[in-house]
Amino acid sequence: MPKDDSLTHEFSFLAVNGVLEGDYLFNHHVVDIDTGVEVHSAQAFNGQSKHLLPQERVDLTFGGFNGWVDGHTYNISFDAELSDGTPKGDPLFFYAKFETTIDIAILTDEDEQNRYSNVLRDLEGLGMSYTKFPAGEWETYLTSGWLNSHYEKVLIPWQKESTALDCPPPPAPQQGCGYYDTLGAYAQTLQIYTTAGGTLQMHLGPYQNAIEDELPFDIDIQDRTTSETEIAYADLEINDPYHPILEDVERSNLQGFTTGDTFASAILNSIPQGGQEIPNLCGGTIDSGGEFLSIMGSSRSDYDSILSVCGAQEGGIIISTIDVEAKSDAWNSTTPLLANMLKFQVTKYPVGFDEATKGFDITVNGVKPDTMPSDTTTYDVRAMKSDAHLDFGYTTTTSAILNADWELTGPSGWDASDNVYGTFHSADESPSADFCVPSANDGDGIVDDCGQGETWGLKLFLHDDAGHARIASLTLVTDDASADEFKPFANYSVVEETGNSDYVTFRENKPGSDAWELWQIELDEDAGDQTIVNFNASASYDPDALDGHGIKTYIWTVIYDWPFDGDEGDDHVFSKFGYTDGEFSYTFRNVTVGDHGFEQQIRIELQVIDQATRASDVYKIYFVVVESGHGDSEPKVTLDQTYNNTGAVTGDWFNVSGQVESGVENDNLEIIVALSLEDLDQDDGDFVSSLRADGKWNQALNLGNSDTFELSLNISDLYTNKAEKVTVYVKIIEGERWVIYKYLELNLPACKGVNAPVEAITSGGEWLLNTDGECKWSGEWEYNTDTGEWSEPKASGGPTNNPGSENTILMLGAGGVILLIVILLTVLVLRRGDDDEDESGFGSVTKGYAGIPAVDPMEAYVQQLIAQGYPEETARAYAQQYAAHFQQQAAAQQPGYQ
């Protein structure tokens with residue numbers, strides 16, 4: 001019937017007259033069978049008779065009735081009579097039950113292999129209502145308004161191959177084919193229906209090519225039709241044997257579902273693809289907080305699902321790639337898989353029913369097991385004593401009523417009689433078990449001990465009354481050494497060292513609920529603007545440890561260590577073995593304190609893991625990092641160096657003077673001067689007093705900005721008969737932070753700068769040191785130390801040939817240059833013995849002898865001073881004072897000089 005007629009419950013049909021002509025009345029009656037009362041009657045043609053010829057046809061329409069009572073069954077009948085009231089023909093009637101909400105809408109034309117009949121069998125046995133919609137009626141009825149208003153579930157049944165595959169192109173027959181191609185036009189409607197609260201149930205065969213891109217939510221299946229890929233019964237994995245869909249279904253009975261060895265020839269691939277496909281559509285799998293559960297899968301792959309449920313917003317989906325319509329037994333049999341699926345409704349998970357470790361937890365002896373350090377959604381292995389008795393339970397944050405099923409797989413079970421390897425089930429809310437596998441490892445030959453290293457797998461299945469599921473697993477192992485009843489404790493401290501005391505400062509206990517220590521770190525400019533801090537976690541320990549601290553691993557995590565005005569960085573995690581005893585160093589480089597007092601606090605956390613891999617709570621210390629010199633600038637001191645512009649130093653005392661320019665915060669600047677680094681850093685009080693008394697050490701205290709100072713040092717004993725360079729050392733100290741070294745270099749001339757006449761030196765004279773370290777002149781010339789005057793030598797009768805005379809020794813020892821000249825001149829005289837007797841051999845030296853250049857008297861004097869130890873600059877300065885004399889002497893060497 002047309003949709004609008006159905007919605008208003010009007011009825012139309014065709015009536016055919018018999019062989020007699022006559023006037024007829026057509027009647028319509030509705031009787032409520034539940035009450036026995038006629039609730040409606042009507043006549044066609046407004047109660048007027050209709051004249052009909054033999055075999056004449058007439059269309060009849062009866063007005064609508066809207067008084068239907070939800071859930072009541074009615075006898076709806078039609079009859080005809082002559083205008084005189086004589087009944088004619090047999091009345092037509094049918095029974096209809098009117099319901100606002102119907103259990104299932106079935107979208108199919110097929111009943112191949114009695115699949116549709118088997119569905120009806122189970123629906124009737126379950127007392128469920130349904131409506132069958134052939135493909136020809138989908139255009140009329142498959143709207144979200146109609147489906148969502150009246151149907152709890154939409155069933156897309158299994159299709160045979162000819163129906164599933166796309167229709168061939170015309171003019172080939174278009175009937176009985178293209179089921180999924182036609183369904184694809186209504187995918188959006190079915191998505192809206194599902195997410196608004198309906199359940200979409202699909203039985204999908206190995207028709208991957210026909211199904212692709214046609215189903216709601218882009219659901220696709222993958223064919224497993226070859227001998228290498230098909231899912232055999234031996235491959236079957238039941239992931240949730242306690243789910244309501246598997247109620248009263250024994251695994252062994254499922255073997256009857258096979259064809260040959262094949263249990264399923266298609267699978268739903270549940271690998272996340274990154275879009276909104278399953279399982280992302282369902283918020284992920286149930287073990288990650290989502291609502292996708294693969295009830296049956298394959299041992300070939302964890303992602304192969306052959307029976308699954310998926311929550312999709314307010315509704316959900318049931319997907320099976322098992323031919324349950326053909327293989328399942330009836331609703332009241334020992335394997336009612338199809339019936340269980342038909343009556344199961346997918347609804348939204350209750351609030352608080354979250355995944356293990358997030359919404360519920362297994363408990364062992366009332367304590368939650370530890371999670372893996374690297375995966376907080378997975379329980380770590382739980383060690384226990386080899387003869388342990390454990391009580392199991394669970395906690396949850398949901399208020400929904402839950403049913404617990406426990407499985408224990410291993411060498412023993414829940415009861416003492418469960419002493420062979422297997423999987424043992426318990427439906428107790430809080431079961432308990434003893435764990436002991438008899439062993440004779442102690443060597444006495446008697447099996448009276450419990451073995452080490454025995455392993456059990458514990459699994460908890462939780463379901464609420466609507467079939468929502470969560471599953472948690474825990475591995476148990478007997479290990480007396482690692483069995484742990486207490487969490488370890490983490491604790492560490494900052495190591496305060498002399499070497500970094502200026503840079504590492506405790507500031508306060510951080511205020512607030514998270515009250516931990518707060519330290520300030522100043523970057524060390526001399527170390528490359530970084531500061532290394534050592535930490536000591538030796539106070540961490542495990543109460544279960546039999547020896548030592550019992551810590552297996554120290555895990556250090558540095559958080560928020562990036563510049564306060566830069567991009568955010570990553571946390572740094574350092575894992576250290578237990579043998580390090582908690583020693584750890586970290587280098588701070590990023591300044592975290594900005595202008596106006598803004599602070600970004602670095603947090604360093606310590607978590608320790610004991611030998612049973614149990615983790616402690618986290619211990620924290622906070623740090624702020626300031627730039628080098630923060631709050632304490634370097635003192636600036638200027639030393640007076642004007643002496644460098646006045647020639648050499650010649651006094652007995654030298655004054656180190658200068659001024660404090662800036663950088664002194666508390667008038668606590670100290671300046672020390674000395675004539676050696678050893679004396680400068682001397683801390684022996686008596687020795688320093690002796691140095692001060694001798695004028696070799698001096699000090700100024702409590703200087704502030706703009707203060708001047710003058711410190712004298714005795715340098716009288718540093719003069720010799722040679723020119724010397726002397727270093728004066730200066731040490732500037734402010735508090736414990738600033739220690740600055742400077743130095744001054746002094747040029748000390750020979751014998752305090754007393755200059756001998758040129759003639760005194762060229763005649764072989766020189767300065768010598770006597771036994772008292774005092775300068776004494778040695779030579780033909782004489783020097784009066786009191787008056788500072790020089791005297792020429794007195795005339796003598798000629799040179800002496802006494803080889804032992806003192807003058808001869810001095811000339812040989814100290815007048816090497818003059819001796820060399822004498823020797824040279826003697827050689828020249830010998831070579832010119834046949835010259836005119838009027839020419840002296842000495843005079844000929846400078847009168848054009850081709851082999852020897854003329855000697856420059858000033859240069860000879862300079863070289864003589866340098867040979868005596870004078871710096872070249874000083875020697876030339878002295879020589880320049882006698883320039884006129886040297887010019888006269890040079891002229892005397894020229895030819896024709898009178």
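Two strands count as paired here when DSSP finds at least two bridges between them. With that in hand, let's walk through this predicted model, one group of strands at a time.

Strand 18 covers residues 301-312, and six bridges join it to strand 19 in an antiparallel arrangement.

How many residues of strand 19 are buried? Six of the six are, taking buried as under 20% relative accessible area, so strand 19 (residues 315-320) is largely enclosed by the rest of the structure. In a regular strand the side chains alternate between the two faces of the sheet. For strand 19, both faces are covered: G315, I317 and I319 are buried on one side, and G316, I318 and S320 are buried on the other.

Next, follow the chain to strand 36. Eight of the nine residues in this strand, residues 551-559, are buried, so strand 36 too is largely enclosed by the rest of the structure. Which strands does it pair with? Strand 39 (residues 602-610) is joined to strand 36 by eight bridges, and the two run antiparallel. Within that pairing, Y554 has V608 of strand 39 as its bridge partner. Strand 37 (residues 572-577) also pairs with strand 36 in the antiparallel sense, over six bridges. There, W556 is found opposite F574 of strand 37.

Finally, turn to an open sheet of three strands, ordered 20-24-27 and paired antiparallel. Its edges are strand 20 (360-364) and strand 27 (432-435), each of which pairs on one side only. From one strand to the next, the twist averages 25°. Strand 20 and strand 24 (residues 388-396) are linked by five bridges in the antiparallel sense. To find your bearings in this pair, look at D361, which stands across from T395 in strand 24.

Note on methods:
Residues numbered from 1 in each chain as written. Predicted model: local features only at pLDDT ≥ 70, side-chain atom pairs only at ≥ 80, totals over all residues. Heavy atoms only, no water. Buried < 20%, exposed > 50% of the residue type's maximum accessible area, 1.4 Å probe, protein only. Helix = DSSP H or I, 4+ residues; strand = E, 2+ residues; numbered from the N terminus. Axes fitted to C-alpha atoms, helices over the stretch in contact; angles between N-to-C directions.
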